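Here is a short briefing to read beside the sequence and the structure.

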Amino acid sequence: MTQSWWLNPCQPIDTQAVEQAQARQQQLTKPAGSLGRLESLAVQLAGLQGQVKPNLDQLWIAIFAGDHGVVAEGVSAFPQAVTGQMLRNFVSGGAAISVLARQLGASLEVVDLGTVTPTLDLPGVRHLNVGAGTANFVQGAAMTRVQGELALQAGRDSALRAVAAGTRLFIGGEMGIGNTTAASALACALLDCPVGQLTGPGTGLNPAGVNHKAQVIERALALHGAQRGDALQTLFNLGGFEIAALVGAYLACAQEGVAVLVDGFICSVAALLAVRLNPQARPWLLFGHRGAEPGHAHVLDTLAADPVLELGLRLGEGSGAALAVPVLRLACDLHGQMATFAEAAVADRPA
């Protein structure tokens, strides 16, 4: 494993492609700016792909899964066995992201970093067995440095497989009972925000459950507070294997020059970690949607992110990002296929 590979430089944006795409937008048969965000998204993708007419034909969706030791504190409305059960649902085609991947013609990869389900062996799932889930982070670090680096590398490996497949857009999704607790704890540590502002119902906790979840996070922050200034160690202290894999995937995509479409709260926390570890990654991150978890808005604001959709989603799995893909594809189609004033023999606006 390359030492601290996540610190390697990221690819630069192609500013010439951006300028040429902006010039093309000015020549299309429409009033300037009349397609709003669709115009800026197409120009942004042109810079990321290094071509005046970007396309999103090749799409890669990777779902990273892992269990969380903090579930022992009673922070989830669902039993931990659901993580392993959902892995089966992903590869059998019954999950929301499975349906969306089919409809989008996307490659769907499922990576199990480590669940508590013994002897889980599912065809179509990459079982990496980094650990039987993380440790309970109110009692110690969620993972060892070795485990954390293995999880980061797992994300990187997925991104490199996507690159080899010729993908033009990478979506990461997550599955892990208890992972909104981990993501909320990470967000509180990174943003130095009150726990109450960033803690939500996750999979459906009632108000008493949310309050208990916040108390658990307070205990974890108190235990690990001395290391808050170290983003990598904070990830290892409070994160999940799947969150670390997302961080690794996002950074590898930026280093390889592949655009990323970030999903909801948990994925956005992973994006925040990626940017804290390597700020050069930020231009490579687009954001699919603004979700219903209260912490999501805070993380998006910190990243100066402007999501494509706002539909009140809180499912995860990469589903919100996948739902934004048709909008991005149509933005590219409009940008690439509309006629210019000259081509259509339409009078341009007066000077």
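The backbone oxygen of Q58 lies 3.2 Å from a polar atom of the T167 side chain. This is a predicted model.

**T167: a buried loop residue**

- T167 sits in the loop that runs between α5 (145-164) and β4 (169-175).
- T167 is buried, because its relative accessible area is 8%, and buried means under 20%.
- Besides the backbone oxygen of Q58, the backbone oxygen of L169 is placed by a polar atom of the T167 side chain, at 3.0 Å.
- Once neighbours within four places in sequence are set aside, T167 is in contact with Q58, L59, W60, A162 and V258.

- S268 is part of helix α11.
- S268 has a relative accessible area of 0%, so it is buried.
- Leaving aside neighbours within four places in sequence, S268 is in contact with V262, D263, F287, H296, V299, L300 and L303.

**Helix pair α10 and α11**

- Helix α10 covers residues 241-256, and helix α11 covers residues 265-277.
- The two helices pack at an angle of about 55 degrees, and their axes are 8 Å apart.
- The crossing of α10 past α11 is right-handed.
- On the α10 side, the contact is made by I243, L246, V247, Y250 and L251.
- On the α11 side, I266, C267, A270, A271, L273, A274 and L277 take part.
- The residues of this contact divide into twelve nonpolar, no polar and no charged.

**Helix pair α1 and α2**

- Helix α1 spans residues 15-27, and helix α2 spans residues 37-49.
- Their axes come within 7 Å and cross at roughly 150 degrees.
- α1 is therefore roughly antiparallel to α2, a label used for angles over 145 degrees.
- α1 and α2 make a right-handed crossing.
- From α1, the contact involves A17, V18, A21, Q22 and Q25.
- From α2, the contact involves E39, A42, V43, A46 and G47.
- The contact residues of α1 and α2 split into six nonpolar, three polar and one charged.

- Most residues other than glycine have a negative phi.
- D192 is not a glycine, yet it has a positive phi of about 55 degrees.
- D192 is found in the loop between α6 (179-191) and α7 (195-198).
- D192 is exposed, because its relative accessible area is 59%, and exposed means over 50%.
- A304 is not a glycine either, and its phi is positive at about 55 degrees.
- A304 lies in the loop between α12 (294-302) and α13 (319-337).
- With a relative accessible area of 63%, A304 is exposed.

Note on methods: Residues are numbered from 1 along each chain as its sequence is written. This is a predicted model: local features need pLDDT of at least 70, side-chain atom pairs count only at pLDDT 80 or more; totals for chains, interfaces and linings use all residues. Side-chain values use heavy atoms; hydrogens and water are left out. Helices (H or I, at least four residues) and strands (E, at least two) are DSSP runs, numbered from the N terminus. Buried means under 20% relative accessible area, exposed over 50%, partly exposed in between (1.4 Å probe, protein chains only). A polar contact is a pair of N or O atoms within 3.5 Å; within protein, one must be able to donate a hydrogen and the other to accept it, and residues adjacent in sequence count only if both atoms are side-chain atoms. Contact means heavy atoms within 4.5 Å. Axes are lines fitted to C-alpha atoms, for helices over the stretch in contact, and angles run from 0 to 180 degrees between N-to-C directions. A crossing is left-handed if the near helix is turned anticlockwise from the far one by less than a right angle, and right-handed if clockwise. Ala, Val, Leu, Ile, Met, Phe, Trp, Tyr, Cys and Pro count as nonpolar, Asp, Glu, Lys and Arg as charged, and the others, Gly among them, as polar. Angles under 35 degrees count as roughly parallel, over 145 as roughly antiparallel, 65 to 115 as roughly perpendicular and the rest as oblique.
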